[in-house]
Amino acid sequence: MSAPYPFTAVVGQDDLRLALLLNAVSPAVGGVLVRGEKGTAKSTAVRALSALLPEVPVVPGCRFSCDPAAPDPGCPDGPHEPGAGGARPARMVELPVGASEDRLVGALDIERALAEGVKAFEPGLLADAHRGVLYVDEVNLLHDHLVDLLLDAAAMGASYVEREGVSVRHAARFLLVGTMNPEEGELRPQLLDRFGLTVEVAASREPEHRVEVVRRRLAYDDDPAAFTARWADEEAAVRRRIAAARESLPSVRLGDAALRQIAATCAAFEVDGMRADIVMARTATALAAWAGRTEVLAEDVRRAALLALPHRRRRNPFDAPGLDEDRLDETLEQSAGQDDEDPGPDRDPGRDPDDGPDGPSGGGGQPAPDGGPGGGDAAARPEAGEDGEPRPAGGGGGEQAPTRAAAPFRTKVLSVPGLGDGAAGRRSRARTEHGRTTGSRRPRGTLTKLHLAATVRAAAPHQRARGRSGPGLVLRGDDLRQATREGRESNLVLFVVDASGSMAARQRMSAVKGAVLSLLLDAYQRRDKVGLVTFRGSAAEVALPPTSSVDAAAARLESLPTGGRTPLAAGLLRAHEVLRVERLRDPARRPLLVVVTDGRATGGPEPVAQAGRAARLFAADGTASAVVDCETGPVRLGLAGRLADELGGAAVTLDELRADSLAGLVRDVRGTTRRAA
């Protein structure tokens, strides 16, 4: 096995390296989330960190890495007597995105537990990572049930494995490090907040910088041992500096002035909860120790804020993480000025927060999108058409500038009918590993969820023949029954959006974009993949191929121009091709087609008939679909409803799409149409 790439040989990425080193100095900081585009040394730097960590003292033979000075009294391998122990290198344990629950928390032999009363437990990755580093590459793609287990372990410092009343507990305190590409989707807020620090990384645009990256990487690939030896002195120097900083950490003083700066900064940026204040305090202390100082300075507080706050300021999935550095400096200066004016112990801790650096409106959140329809263009009223619909100037023949989306709202539930087998999510019914128990079956492969009653029923008729003489059951492998469960799956939600001239009136397009943005927010919360097809002029285009990044879809939607004719058939045919390819890539993920249009079709011979033929392709494939009817005005042609009939789906108006509408909850996007028929 080749030596890992040296940490000190990583070119640039100063914030990334500093965040990792601060966690090496003080694991209480709480881990690092590394966000950035692919090919930016995220994984390389994280994996290289393990070679710099100090050795861990352990109880010899303990599979759970108990500290000999204070062994865990509940250790499954215990009890251990306090005393001298051995030492081993710090572990960097990687959690694969596709890992099973048993691989993460450990496996319990249910057959031996029921027949012999023996807790035969095989530790999982959480036990391996105890007192070390747990690294998750592409952490944003981790399945929800694994995220829940990580959250529980991180909160309690222990892992619990329970199978039908048989329980095993062991300590699980680890440094959580994750890397992710934001283009592939965002993290759940609960897991995001568990990371102490976050850094954004990007490839350098300086040619000389890039040349040095390539030069070092080629040298490492040609001879890893020689390259690692070349950097041995630098690695040893950093290792000694980490050890010295760890030793001096308890003596670093965090004064009241620094604490007030931390509190003022978190309040000014409206960070939820108190975890940010605590993480900033620990980070600032670690920065001082790393710099060889015994007191936290204002520069440490500033640096800690830049690492600890950006990911805690997001108010919704479409907010970009980040921190206004000018505002941060203003907050720190004002806080320092107040300390100079009133250093006494009787300062008023209940000062009105509205007197902060930005006055009564000081917030720190992103500017709210234009919530009102029309975007301030009330003076430019478009001309009304024959059907009462507003028309853009020039009849919609030319391209119109992008319109801001109206404020998003909570939408009704659109789901795929039937029972699926897709990835765990929160939209449509599916057979899953988690959820309510609906029955039992013989296990295929490793037993994961025992159905106790079914197992007993299978074994009971054979007890006399098997010579049962004691109180316990005599079990055989073929007696075991797997519980079948029903939960929710995620789907592929493909949006087909009409961007033609008939939609280009600003009031109308603002409302349409607001509706699609609301559906995207719903897709984010339900862990769906999303795609975006638009049509206007003479053709349709895939504005965004299917992805887990709802942020990317929202950005494409915001910049969507409008104008021209309405090639509805082209948009449907392009969407049909996208779904055909996705079925080959991921056959278990069921699609949901959402067409956002007023139902008009223009351009080419018989445009309405062509659109109807294209729509019937989805009905023939059994694709679940819904049409969001954008038609407004006193005269309505009902074309979107006819399109929904051709698709075999349901039609929902913009008003009916709102969850607080009186029209009733939309639960099944095809069943609605069938019941109406």
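What percentage of the 677 residues of the protein count as buried?

1. Of the 677 residues, 49% count as buried. The structure under review is a predicted model, and the remarks below should be read accordingly.

2. Overall content. The secondary structure of the protein comes to 21 helices and 22 strands. Among contacts with a separation of 6 or more, 78% are made by residues 24 or more positions apart.

3. Helices α1 and α2. Helix α1 spans residues 14-25 and helix α2 spans residues 42-49; their axes come within 11 Å and cross at roughly 25°. Because this angle is under 35 degrees, α1 counts as roughly parallel to α2. The crossing of these two helices is right-handed. On the α1 side, Leu-16, Leu-20 and Ala-24 take part, and they meet Lys-42, Ala-45, Val-46 and Leu-49 of α2. By class, six residues of this contact are nonpolar, one is charged and none is polar.

4. Helices α1 and α10. Helix α1 also packs with helix α10 (residues 232-248), here at an angle of about 50° and with the axes 9 Å apart. The two helices are therefore oblique to each other. Leu-21, Ala-24 and Val-25 of α1 meet Val-238, Ile-242, Ala-245 and Arg-246 of α10. The class composition of this contact is six nonpolar residues, no polar residues and one charged residue.

5. The nonpolar core. The largest nonpolar core has 67 residues, and those with the most contacts inside it are Leu-20, Met-280, Trp-290 and Leu-309. Helix α12 (residues 275-290) gives the most to this core, contributing ten residues.

6. Surroundings of Met-280. Once neighbours within four places in sequence are left aside, Met-280 is in contact with Ile-262, Thr-265, Cys-266, Val-301, Ala-304, Ala-305, Ala-308 and Leu-309. One of these partners, Leu-309, is itself listed with Met-280 among the core residues with the most contacts.

7. Pro-310. This residue lies in the loop between α13 (298-308) and α14 (325-341). Is Pro-310 buried or exposed? Its relative accessibility is 10%, so Pro-310 counts as buried, the cut-off being under 20%. Pro-310 and Val-271 are 39 residues apart in sequence, while their C-alpha atoms are 9.5 Å apart in space.

How values were computed: Residues are numbered from 1 along each chain as its sequence is written. This is a predicted model: local features need pLDDT of at least 70, side-chain atom pairs count only at pLDDT 80 or more; totals for chains, interfaces and linings use all residues. Side-chain values use heavy atoms; hydrogens and water are left out. Axes are lines fitted to C-alpha atoms, for helices over the stretch in contact, and angles run from 0 to 180 degrees between N-to-C directions. Helices (H or I, at least four residues) and strands (E, at least two) are DSSP runs, numbered from the N terminus. Angles under 35 degrees count as roughly parallel, over 145 as roughly antiparallel, 65 to 115 as roughly perpendicular and the rest as oblique. A crossing is left-handed if the near helix is turned anticlockwise from the far one by less than a right angle, and right-handed if clockwise. Contact means heavy atoms within 4.5 Å. Ala, Val, Leu, Ile, Met, Phe, Trp, Tyr, Cys and Pro count as nonpolar, Asp, Glu, Lys and Arg as charged, and the others, Gly among them, as polar. A nonpolar core is a set of buried Ala, Val, Leu, Ile, Met, Phe, Trp, Tyr and Cys residues joined through side-chain atoms within 4.5 Å. Buried means under 20% relative accessible area, exposed over 50%, partly exposed in between (1.4 Å probe, protein chains only).
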